[in-house]
2 protein chains.
Amino acid sequence: MALVVEKFGGTSVAGPERIRVVADHVARRRSAGDAVVLVVSAMGSETDELLRMASDVASAPPGRELDMLITGGERKACALMAMAINDLGVPAASFTGSQAGFHTDSSHTAAKIVEITPKRVTEALADGLVPVVGGSQGVSVSGDVTFFGRGGSDTTAVALAHALGADQCEIFTDVPGVFSADPRVVAQARRMDAVSFDELLEMTASGCPKPAMRAVELARTYGVELHVRSAFSWMPGTTVTGAKAMERAVISAVTHNTGEAKMTVSGVADKPGVAARLFRALADSDVNVDMIVQNVSVQGITDISFTVPRSQVEASRAVAEGLVAELGVNAVAADDDIARVSLIGAGMQTNPGVAARMFETLADEGINIEMISTSAIRISCVVRAADAERAVAALHRSFELDVAPAQRPIGY
Amino acid sequence: MALVVEKFGGTSVAGPERIRVVADHVARRRSAGDAVVLVVSAMGSETDELLRMASDVASAPPGRELDMLITGGERKACALMAMAINDLGVPAASFTGSQAGFHTDSSHTAAKIVEITPKRVTEALADGLVPVVGGSQGVSVSGDVTFFGRGGSDTTAVALAHALGADQCEIFTDVPGVFSADPRVVAQARRMDAVSFDELLEMTASGCPKPAMRAVELARTYGVELHVRSAFSWMPGTTVTGAKAMERAVISAVTHNTGEAKMTVSGVADKPGVAARLFRALADSDVNVDMIVQNVSVQGITDISFTVPRSQVEASRAVAEGLVAELGVNAVAADDDIARVSLIGAGMQTNPGVAARMFETLADEGINIEMISTSAIRISCVVRAADAERAVAALHRSFELDVAPAQRPIGY
């Protein structure tokens with residue numbers, strides 16, 4: 001008998017029909033002899049609707065109240081799911097994050113897990129019940145309800161799988177797995193059978209929307225094997241592990257992200273401490289800076305460009321403009337008409353041909369590269385937003401990602 | 001500075017617009033120097049919608065899961081209300097029933113309060129906040145969420161007013177107060193300025209829908225003065241106290257209830273213990289029997305009739321049919337085409353003319369009386385459902401309830 005934690009996302013439980021389908025799956029899994037713990041997100045677009053209501057009643061809703069409001073979505077879904085499972089003759093009980101033992105800090109709307117004491121969940125399992133846990137929520141030291149943020153149900157599932165010593169953590173979603181590129185952009189995009197934590201981390205950091213990056217980080221830290229799969233086809237999806245699959249080729253996937261903007265701070269002195277001062281100030285304002293490029297300096301003066309989420313453009317501009325006098329900045333510019341296209345894979349650094357081929361492919365398409373950054377398993381290029389989808393398709397073709405990994409040429 | 005507990009019902013907080021109106025009222029009340037604790041119900045028809053979803057996913061949802069689901073409605077409303085109040089510059093914080101210290105038994109869907117420890121509410125008040133408490137909910141000894149049942153927010157408000165030693169408990173609703181008859185049926189129905197706990201109890205027990213009877217019972221037990229008033233006109237409504245107002249005439253109101261059915265168990269032996277056996281069995285099946293009439297026996301055989309809520313007709317029938325052999329019953333009949341019309345007032349027993357005039361009034365209208373029951377402050381008659389509204393209008397006219405109490409004739 002295996003113990004498995006299964007997480008179901010919003011579209012998987014969007015209405016009564018879907019809830020009954022998932023309940024049926026759980027009943028079958030139980031009949032097959034497995035013990036199941038469910039983690040559920042809020043139904044469909046419920047979180048958006050709750051946020052809209054909050055903005056209808058208040059211009060600046062306090063975080064504590066937002067968390068009280070929003071976590072109601074997951075709570076509703078888990079109560080309905082527990083009812084539906086019970087109705088099939090399989091005993092089930094719903095638990096809020098607090099009841100499931102998720103203790104968090106007090107950072108409302110983005111709470112971090114401090115400790116998990118899943119006593120009621122283990123007792124329910126011992127009693128033969130299916131525990132159904134509300135995702136993305138916990139309780140703070142002061143007894144207030146806390147929310148982990150959007151996508152936090154994946155985090156709940158991974159953390160619970162670790163705390164319970166589960167055999168597997170399955171992330172059921174509305175896509176069949178992790179793809180070699182966004183299938184809406186590249187028709188030949190290939191579902192990957194397996195991917196490593198590191199690669200998936202780079203992919204989620206550079207535009208792959210599911211699973212949530214924070215959950216992948218947690219899974220990587222604790223070695224919780226994930227299985228990202230479809231709640232609609234119920235077919236096997238993509239397993240995510242620390243191990244390298246023998247079949248894995250150099251390049252795994254192409255991702256793209258159109259949610260960022262490029263900030264350029266011009267005319268700063270090229271001397272020690274300047275960049276540190278700028279990025280410390282940005283970090284203190286909770287701006288998530290991603291790529292950073294500092295131009296070669298001319299006569300001791302240089303430009304620094306970096307990418308930030310579009311929602312943080314104004315905050316970044318305020319920080320940079322606040323440093324005008326101190327750093328001698330002469331202009332702060334924001335450009336949100338950009339996209340980042342990234343190539344993900346193992347052994348990039350030992351295959352310098354990869355970067356070269358990436359740049360050649362983009363050049364052949366007449367696509368200009370505005371910024372470049374690399375990691376051990378990723379190369380990212382910033383291009384005009386209008387060129388992004390063409391770039392993704394060209395790279396997917398060029399690296400033959402539609403071919404099964406074992407059949408791809410080795411090296412470039 | 002007064003401390004007041006204000007409860008707002010579902011229609012009072014039906015949407016963002018209404019929530020902002022109530023928040024504005026709270027801000028004004030605070031400016032006037034009062035300390036306010038709010039209790040809110042679920043928005044508009046949310047409870048019905050949640051119940052509909054439950055019936056969409058399960059044929060027999062467990063009570064524990066229903067409570068987890070339904071209490072989310074009040075929780076959502078109180079989070080939104082706290083946001084809206086904060087947005088007006090008045091600090092506010094929402095509390096679930098559990099956070100507000102409502103400890104209950106484990107009778108899911110109809111939990112009873114065992115103890116109230118409103119530590120977080122008193123702390124919030126001391127910190128100058130407006131506590132906003134989710135109505136009709138608490139937590140059981142096992143840490144499960146419990147629901148008091150429909151109309152339970154009134155109970156929360158009264159219990160909290162008592163526990164906090166509040167100066168007043170105001171029940172804001174969608175009507176301007178308590179009326180001498182249902183204004184939809186009697187155009188001349190009069191809003192009562194004051195009514196006693198006992199009279200209001202009889203009224204709610206015989207068809208007056210607001211406030212909820214259980215809350216009136218609790219207010220009477222603890223001497224919590226109520227003020228039932230409109231959340232739309234904000235005008236003074238009806239105060240409910242233990243005291244007798246000097247102006248009060250003999251008859252206060254006419255009520256009617258069309259939600260009951262008449263059960264008749266025929267052919268039972270007229271001997272000691274028979275009625276006890278029947279009504280014990282009904283009580284054990286949680287059937288709420290109201291009026292009971294046992295006919296004069298003929299040759300040691302009699303019929304027993306009683307009224308039950310229409311929703312409990314099948315349960316009552318099953319109980320009665322289960323006793324056929326034991327009690328020698330020869331027929332069990334249900335008639336749901338009835339209504340109960342009641343006259344409420346003080347000193348009925350010392351004014352026998354009241355009953356006589358009631359029966360005469362109905363006779364003049366050609367309305368047949370099928371059952372009669374009386375208490376110290378109420379006379380109820382069961383009539384055909386089709387006659388109910390005509391009976392109410394005739395009684396309201398006959399007892400001149402449209403005239404202010406001080407101007408009414410004394411005695412009949």
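Colleague: In which hand of crossing does α2(A) pass α3(B)?
Modeller: This is a predicted model, and in it the axes of helix α2 (residues 46-57) of chain A and α3(B) come within 8 Å, crossing at roughly 35°. The passage of α2(A) across α3(B) is right-handed.

Colleague: Which residues of α3(B) are met by α2(A), and how does the contact divide by class?
Modeller: From the side of α2(A), the residues that take part are A:L50, A:M53, A:A54 and A:V57, and in α3(B) they meet B:K76, B:L80, B:M83 and B:A84. Sorted by class, this contact of α2(A) with α3(B) comes to 7 nonpolar, no polar and 1 charged residues.

Colleague: How much area is buried between chain B and chain A, and what share do carbon and sulfur atoms give?
Modeller: The size of an interface is often expressed as the accessible area that is lost when the parts come together. The contact takes 41 residues from chain B and 41 residues from chain A. In chain B, the residues that lose the most area to chain A are B:V57, B:R75 and B:M83, which together make up 22% of what that side buries. The area buried between the two chains is about 3300 Å², and carbon and sulfur atoms give 59% of this.

Colleague: Which element gives the most to the side of chain B that touches chain A?
Modeller: On that side of chain B, at least two residues each are supplied by α1 (16-31), α2 (46-57), α3 (63-86) and β3 (92-95). By class, the residues of the side divide into 23 nonpolar, 9 polar and 9 charged. The element that gives the most, with 15 residues, is α3(B).

Colleague: Where in chain A is the cis peptide bond that joins A:K210 to a proline, and what is its omega?
Modeller: Most peptide bonds are trans, and most residues other than glycine have a negative phi. A:P211, which the cis bond joins to A:K210, is placed in the loop between α6 (197-205) and α7 (213-222) of chain A. In chain B, a cis bond joins B:K210 and B:P211 with omega of about -5°, and B:P211 lies in the loop between α6 (197-205) and α7 (213-222) of that chain. For the bond in chain A, omega is about -5°.

Colleague: What is the phi of A:D286?
Modeller: A:D286 is found in the loop between α8 (274-284) and β15 (292-294) of chain A. Its phi is positive, although the residue is other than glycine, and the value is near 60°.

Colleague: Which residues does A:Q168 touch, leaving aside those up to four places away in sequence?
Modeller: A:Q168 is found in strand β9 (residues 168-173) of chain A. Its C-alpha atom is separated by 13 Å from that of A:T238, 70 residues apart along the chain. The residues that A:Q168 touches are A:L3, A:V4, A:V5, A:E225 and A:H227.

Methods:
Residues numbered from 1 in each chain as written. Chains lettered and ligands numbered in written order. Predicted model: local features only at pLDDT ≥ 70, side-chain atom pairs only at ≥ 80, totals over all residues. Heavy atoms only, no water. Contact = heavy atoms within 4.5 Å. Buried area = accessible area lost by both parts, 1.4 Å probe. Helix = DSSP H or I, 4+ residues; strand = E, 2+ residues; numbered from the N terminus. Nonpolar A, V, L, I, M, F, W, Y, C, P; charged D, E, K, R; others polar. Axes fitted to C-alpha atoms, helices over the stretch in contact; angles between N-to-C directions. Left-handed = near helix turned anticlockwise from the far one by under 90°.
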